[in-house]
Amino acid sequence: MITVEDVRRFASTLPRSSEHLIRDRVKFRVGRIVYVAFSRDETLMGFGFPKEEREALVASEPAKFLLPRESDLRFHWVEARTAALDVAEMRELVLEAWRMCVPKKVRAEQERLALLRPAP
């Protein structure tokens, strides 16, 4: 199970990422683009994800992933149950969501630095 604190620790290491509390919901943004958001009760974590791939993701693990509410289907977004995620999987999902909304130059620099860091 992951928590908001787990995401906070990881997201704070990503360039241009900032945390906001909006209508009692924790959200992580790059500029004005939200790439991760939690439900008020923190049982769901929404994250940026390619529209064309989300149905396959949800179908692959329906106990873990779900489509966003109908009004949010127009966005590149999927939700996950926090109780079903481990920290390694959360880091991968958050990183990919972040990569979707930062400029290519920032993403390339982050990838270059990641290659230089020793594996945890």
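Q: How many bridges join β2 to β3, and in which sense do the two strands run?
A: The model is a predicted one. In it, four bridges join β2 to β3, and the two strands run antiparallel. Two strands count as paired if there are at least two bridges between them, so β2 and β3 qualify as a pair. Within this pairing, Val30 has Ile33 as its bridge partner in β3, and Phe28 stands opposite Val36 in β3.

Q: What makes the six strands a sheet, and in what order do they lie?
A: The order is β1-β2-β3-β4-β6-β5, the sheet is open, and the pairing is antiparallel. Several of the pairings can be set out in turn. Six bridges connect β1 with β2 in the antiparallel sense, with Ser18 opposite Arg29 in β2. Five bridges join β4 to β6, again antiparallel, and Gly48 is placed opposite Trp77 in β6. β5 and β6 pair over two bridges, with Phe65 opposite Ala80 in β6. The cut-off is at least two bridges, so β5 and β6 count as paired.

Q: Why are β1 and β5 called edge strands?
A: β1 (17–22) and β5 are the edge strands, as each pairs on one side only.

Q: Which helix packs on the sheet, and which strands does the helix touch?
A: α1 packs on the sheet and touches β1, β2, β3 and β4. The direction of α1 makes about 15° with that of β2.

Q: What is found in the turns of the hairpins formed by β1 and β2 and by β2 and β3?
A: The hairpin of β1 and β2 has two residues between the strands, and Arg23 in the turn has a positive phi of about 50°. The hairpin of β2 and β3 also has two residues between the strands, and there Gly31 takes a positive phi near 65°.

Q: Why is Gly31 called partly exposed?
A: The relative accessible area of Gly31 is 48%. Buried requires under 20% and exposed over 50%, so Gly31 falls in between and is partly exposed. Gly31 lies in the loop between β2 and β3. Gly31 and Arg16 are 15 residues apart in sequence, and their C-alpha atoms are 7.2 Å apart in space.

Q: How do you know that β2 and β6 are largely enclosed by the rest of the structure?
A: Five of the six residues of β2 are buried, so β2 is largely enclosed by the rest of the structure. Four of the five residues of β6 are buried, and the conclusion for β6 is therefore that it is largely enclosed as well.

Q: Which residues of the largest nonpolar core touch the most other members?
A: This core has 30 residues, and Tyr35, Met45 and Phe47 touch the most other members. The elements that give two or more residues to the core include α1 (4–11), β3 (33–38), β4 (44–48) and α3 (87–101). α3 gives the most, with seven residues. Beyond its neighbours within four places in sequence, Met45 is in contact with several residues, among them Val7, Val36, Val78, Met90 and Val94.

Q: Why are the pairs Phe47 with Phe49 and Phe47 with Phe65 called edge-to-face?
A: A search of the whole structure finds two aromatic pairs. For Phe47 and Phe49, the centres are 6.0 Å apart and the planes make 90°. Ring centres must lie within 6.5 Å and the planes must be over 60 degrees apart, so this pair is edge-to-face. For Phe47 and Phe65, the values are 6.3 Å and 70°, and that pair is edge-to-face too. Phe47 lies in strand β4 and Phe65 in strand β5, so the pair ties together parts that are 18 residues apart in sequence. Phe47, Phe49 and Phe65 form one aromatic cluster.

Q: What makes Phe47 and Phe65 buried or exposed?
A: The relative accessibility of Phe47 is 0%, so Phe47 counts as buried under the 20% limit. The value for Phe65 is 2%, so Phe65 counts as buried by the 20% limit. Phe49 is buried as well.

Q: How do α3 and helix α4 cross, and which residues meet there?
A: Their axes come within 8 Å and cross at roughly 145°, and the crossing is left-handed. Leu95, Trp98 and Arg99 in α3 meet Val106, Arg107, Gln110 and Glu111 in α4.

Notes:
Residues numbered from 1 in each chain as written. Predicted model: local features only at pLDDT ≥ 70, side-chain atom pairs only at ≥ 80, totals over all residues. Heavy atoms only, no water. Core = buried A, V, L, I, M, F, W, Y, C linked by side-chain atoms within 4.5 Å. Buried < 20%, exposed > 50% of the residue type's maximum accessible area, 1.4 Å probe, protein only. Contact = heavy atoms within 4.5 Å. Phe/Tyr/Trp six-rings, centres within 6.5 Å; stacked < 30°, edge-to-face > 60°. Axes fitted to C-alpha atoms, helices over the stretch in contact; angles between N-to-C directions. Left-handed = near helix turned anticlockwise from the far one by under 90°.
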